[in-house]
Amino acid sequence: MLEIRGLSKSFGGVKATDDVSLDFADGSLSAVIGPNGAGKSTFFNLITGALKPDAGKILLDGIDLAGRSPPDIVRCGIGRAFQVASIFPSLTVQETMLAAVCVDQGRAGVLYRRFPLAETRDRAEHAMELLGLADRRGRTAATLSHGDQKLLDIALALVLDPKVLLLDEPTAGMGTEERWRMIDKIRELWEKQKITVVFIEHDMDIVFKIAPSIVVLCYGRILASGPPDEIRRNAAVIEAYLGTEYHTEAAI
């Protein structure tokens, strides 16, 4: 279980994350939503070690990760895919995956072997299959579509075998059809891998359709948390973020 206890971070006089406490159960799928500037990305940055908290704990299976380095946090079991895909544009999909596995195995020195070790190859193949990238293994990352580049970024996080996978706006910059393909793939991944998935998303149609649990942040604090129907009807959430559209739909 991922447990957040009293997590706080300020920049000058601005509290970007203000005494946030949350639980994400093993194998759960949760969305984090809120207006721009609500502290969503800061929240992810604190969990993954990109920022050090001013106060609070980040517990994964009882081990406090707060303030640890990003590589250490990855080794403990937290992976992240970014809003802007973090890939190696000159490498093929297969080379990218093999490189990630080799580094994780502490075998960076064998990156350029003509025939990868069986364990390395199998892990890379498994991640490519899960994300639907196996038939693109020979394509260089720079030539992939925007959606496939995002899938490759998720595959890079997944191949490290995380217990918790954080997805920062996985559908950003996509058209309608591509957004739904992406979110269907994420749900399929969650169902198959049985890992904890937490994602930031601005498309409320997607959030209310697939997220069993939703957390709403506003000005760095938790405004509300709960199942979709409860969030739709929450007066404070409607006023701060959703507007009347989703309240009206919920009442129908």
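Student: With which residues is K185 in contact, leaving aside its neighbours within four places in sequence, and what makes a pair a contact?
Tutor: Contact is defined as heavy atoms within 4.5 Å. By that criterion K185 is in contact with L130, L131, G132 and L151, once neighbours within four places in sequence are left aside. Please note that this is a predicted model, in which local features need pLDDT of at least 70 and side-chain atom pairs count only at pLDDT 80 or more, whereas totals for chains, interfaces and linings use all residues. Residues are numbered from 1 along each chain as its sequence is written, and side-chain values use heavy atoms, with hydrogens and water left out.

Student: Why is K185 called buried?
Tutor: Buried means under 20% relative accessible area, exposed means over 50%, and partly exposed lies in between (1.4 Å probe, protein chains only). The relative accessibility of K185 is 18%, so K185 counts as buried.

Student: Where does K185 lie, and how does the span of helix 6 compare with the expected one?
Tutor: K185 lies in helix 6. Helices (H or I, at least four residues) and strands (E, at least two) are DSSP runs, numbered from the N terminus. Helix 6 covers residues 176-193, 18 residues in number, and reaches 26 Å from its first C-alpha to its last. The expected span is 1.5 Å times one less than the number of residues; the span of helix 6 is close to the 26 Å so expected. After helix 6 comes K194, whose phi is positive, near 60°.

Student: Which residues of helix 6 are buried, and how do you know that they line one face?
Tutor: The buried residues are R179, M182, I183, K185, I186, L189 and W190. Viewed down the axis of helix 6, they fall within an arc of 155°, so they line one face of the helix. That arc is taken from the directions from the helix axis to the C-beta atoms. The face turned away from the buried side carries the exposed residues E177, R181 and K192.

Student: Against which elements do the buried residues of helix 6 pack?
Tutor: Their partners include helix 4 (118-130), helix 5 (146-158) and strand 3 (29-33). Also among them are strand 7 (164-168), strand 8 (196-200) and helix 7 (204-210).

Student: How many salt bridges does the structure hold?
Tutor: The structure holds 15 salt bridges. One of them joins R136 and D135 at 2.7 Å, N to O; R136 is partly exposed at 23%, and D135 is exposed at 63%.

Student: In which sense do strand 1 and strand 4 pair, and what makes them a pair?
Tutor: Two strands pair if DSSP finds at least two bridges between them. Strand 1 (residues 2-11) and strand 4 (residues 55-60) pair in the antiparallel sense over 5 bridges. Strand 1 is also joined to strand 2 by 7 bridges, again antiparallel. L2 stands opposite L60 in strand 4 and opposite F24 in strand 2.

Student: Why are strand 2 and strand 5 said to stand at the edges?
Tutor: The open sheet has 4 strands in the order 2-1-4-5, with antiparallel pairing. Strand 2 (14-24) and strand 5 (63-64) each have a single partner strand, so one side of each is left without a neighbour in the sheet.

Notes
Salt bridge = Lys/Arg side-chain N within 4 Å of Asp/Glu carboxyl O.
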